Amino acid sequence: MGDWAKHIPQFQWARNSAVECHLHTVEATGSIPVAPTNLHSNGENMKRALFVSSLIALSACQTSAPQPTNWSATPKYKIADLKTPVATLPSFKMSIEAPFVKVPLGLDPENLNIPTNNPLTPEKVELGKMLYFDTRLSADGSVSCATCHNPEKGWTDQLPVSSGIRAQKGGRSAPTVINSTLMVEQFWDGRAATLEDQALGPLVNPIEMGNPNHETVTQRVQAIPSYVPYFQKAFHEGVTKQNIGKAIASFERTVLSGNSRYDRYTAGETSAMNTSEVNGMNLFFGKANCTRCHAGPNFSDSMYHNLGIGMDKPTPDQGRFVVSKQEQDIGAFKTPTIRDITKTAPYMHDGSEATLEAVVELYDRGGNKNTHLDPRMEPLNLSPQEKSDLVNFMKALDGNPYPKITPPKLPE
Ligand code: HEC
Ligand code: HEC
């Protein structure tokens with residue numbers, strides 16, 4: 001690890017350039033480094049290449065040429081050239097690919113990562129929502145996706161690690177489903193390539209929903225007569241394992257959060273954030289350099305880093321290593337989004353950090369020392385005021401309105 005910098009140019013990330021390009025309201029002067037691609041992670045797939053090139057493409061919206069990276073420099077940008085009166089700032093745009101989906105300010109309406117073999121339709125979203133909330137998909141009828149990814153709890157369970165059927169505990173914390181379609185890969189270790197694949201996993205995980213195989217799930221759904229017409233409407237065919245995955249993934253693609261006070265601030269509504277939050281933002285993109293990893297509209301580079309979380313356990317979770325078999329991925333986990341972060345404590349893949357204050361302390365000391373610590377982790381020497389500014393900035397990332405989704409009436 002550490003020699004990636006030799007291979008590739010440093011990409012420049014124009015802060016929130018998506019918003020700036022679409023609304024043409026704000027001119028950002030100053031560019032922010034985005035973490036370079038990890039050349040060592042296995043399977044340099046098309047998807048990642050596209051993700052990275054879209055980061056570059058977005059930054060190309062900026063007129064200024066990329067400047068050499070200076071990690072310690074505080075970026076200089078100003079809100080200027082406000083062409084749209086603030087009062088008319090739209091809080092969402094319609095998705096280009098699925099025009100019935102409202103994409104909140106701050107996310108890119110052109111990129112919900114909808115696969116060509118699963119176009120997003122209202123029928124699939126409606127069916128997927130039912131399946132998502134239906135405990136009959138689990139072996140003993142006690143657990144649904146919403147048990148662990150509960151809309152009332154920031155689409156998590158707010159537990160350090162999740163409990164599945166028969167109250168069995170897993171080893172990892174449930175990530176939020178919010179904006180999960182913007183992630184290049186799914187799970188803390190990225191072992192699922194798509195939301196479609198991901199959705200099929202928990203159904204047959206012995207600890208989560210406990211089915212022996214997908215056959216038993218499809219048979220159980222088929223046996224609920226009024227589900228069948230919903231599958232016919234959405235897929236023009238019956239209940240299959242693939243269709244269950246596609247429907248749930250379609251629903252998840254509509255669970256989006258943005259239009260936070262930060263998004264409105266960067267779109268020109270300068271009163272949307274207070275002084276402490278603005279200072280926190282400058283630290284996040286500057287001195288504290290959180291955006292090395294929490295980059296782009298969803299505040300994640302969709303890559304894997306070792307911060308030393310849980311590495312002092314007798315048998316630490318190996319994280320990304322299990323998937324990539326690359327030594328430098330030992331103890332590395334996917335960078336999570338920090339949108340709606342106030343709703344999803346406790347934090348980290350093992351739920352070991354109880355508060356945002358504790359998370360900032362962790363970064364301030366340069367992470368937890370261990371052999372595979374990410375080289376981007378270094379002590380930050382933040383003052384108490386700076387620490388609280390950073391926390392306040394993260395709180396300004398709460399979505400508004402927060403996606404309000406209530407359990408639907410289920411077929412009988
Ligand atoms: C028993 C609790 C539990 C249940 C039930 C459950 N999940 Fe999860 N989910 C988790 C945990 C824990 C993880 C992280 C596991 C890992 O990374 O290895 C996860 C990961 C995910 C992710 C990845 C998010 C990301 O950013 O990587 C998505 C999406 C997801 N689950 C959706 C679902 C769906 C859809 C269902 C229902 C079919 C479901 N989950 C059922 C606990 C659960
Ligand atoms: C080297 C890349 C990197 C940098 C730099 C970084 N983060 Fe993270 N962040 C991560 C990863 C990876 C995780 C998950 C780690 C784990 O669970 O093992 C994470 C987790 C978090 C979480 C918990 C999210 C959750 O849902 O559990 C918060 C909050 C957070 N980071 C905020 C920050 C702040 C604030 C900074 C700057 C002071 C920062 N990060 C800098 C990569 C990074």
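Over which residues does pLDDT stay under 50, with 117 contacts beyond four places in sequence in the model? That stretch is residues 1–46, where pLDDT is the predictor's confidence in each residue, from 0 to 100, and two residues are in contact if their C-beta atoms, placed from the backbone, lie within 7 Å. pLDDT also stays under 50 over residues 52–83, for which the model has 58 contacts beyond four places in sequence. Where pLDDT is low, the predicted coordinates should not be read in detail. For the protein chain, the mean pLDDT is 83, and 79% of the residues reach 70 or more.

The structure is a predicted model, in which local features need pLDDT of at least 70 and side-chain atom pairs count only at pLDDT 80 or more, whereas totals for chains, interfaces and linings use all residues. Residues are numbered from 1 along each chain as its sequence is written, while chains are lettered from A and ligands numbered from 1 in the order in which they are written.

Ligand 1 is surrounded by 26 residues, of which C145, C148, G164, W188 and P202 are the closest; a residue counts as near a molecule if its C-beta atom, placed from the backbone, lies within 6 Å of it. Helices (H or I, at least four residues) and strands (E, at least two) are DSSP runs, numbered from the N terminus. At least two residues of the shell around ligand 1 are supplied by each of α5 (145–148) and α6 (195–204), and α6 gives the most, with 5 residues. This shell comprises 15 nonpolar, 8 polar and 3 charged residues, where Ala, Val, Leu, Ile, Met, Phe, Trp, Tyr, Cys and Pro count as nonpolar, Asp, Glu, Lys and Arg as charged, and the others, Gly among them, as polar.

Around ligand 2 there are 25 residues, and C290, C293, I309, Y347 and H349 come nearest. Helix α13 (residues 356–364) provides the largest share of this shell, 4 residues. The class composition of the shell around ligand 2 is 17 nonpolar, 5 polar and 3 charged residues.

Helix α13 also packs against helix α14 (residues 384–395), at an angle of about 125° and with the axes 10 Å apart. Axes are lines fitted to C-alpha atoms, for helices over the stretch in contact, and angles run from 0 to 180 degrees between N-to-C directions. The two helices, α13 and α14, are therefore oblique to each other; angles under 35 degrees count as roughly parallel, over 145 as roughly antiparallel, 65 to 115 as roughly perpendicular and the rest as oblique. In this contact, L356, E357, V360 and D364 of α13 meet K387, L390, V391 and M394 of α14. The contact residues of α13 and α14 divide into 5 nonpolar, no polar and 3 charged.

A further packing partner of α14 is helix α11 (residues 275–285), at an angle of about 95° and with the axes 7 Å apart. This geometry makes α11 roughly perpendicular to α14. The α11 side of the contact consists of S276, E277, N279, G280, M281, L283 and F284, and the α14 side of E386, S388, D389, L390, N392 and F393. By class, 5 nonpolar, 5 polar and 3 charged residues form the contact of α11 with α14.

Most residues other than glycine have a negative phi, and most peptide bonds are trans. A cis peptide bond joins A345 and P346, with omega of about -5°, and P346 lies in the loop between β6 (333–334) and α13. Another cis peptide bond, with omega of about -5°, joins N400 and P401; P401 belongs to the segment after α14. N259, although not a glycine, has a positive phi of about 50° and is placed in the loop between α9 (241–252) and α10 (261–266).
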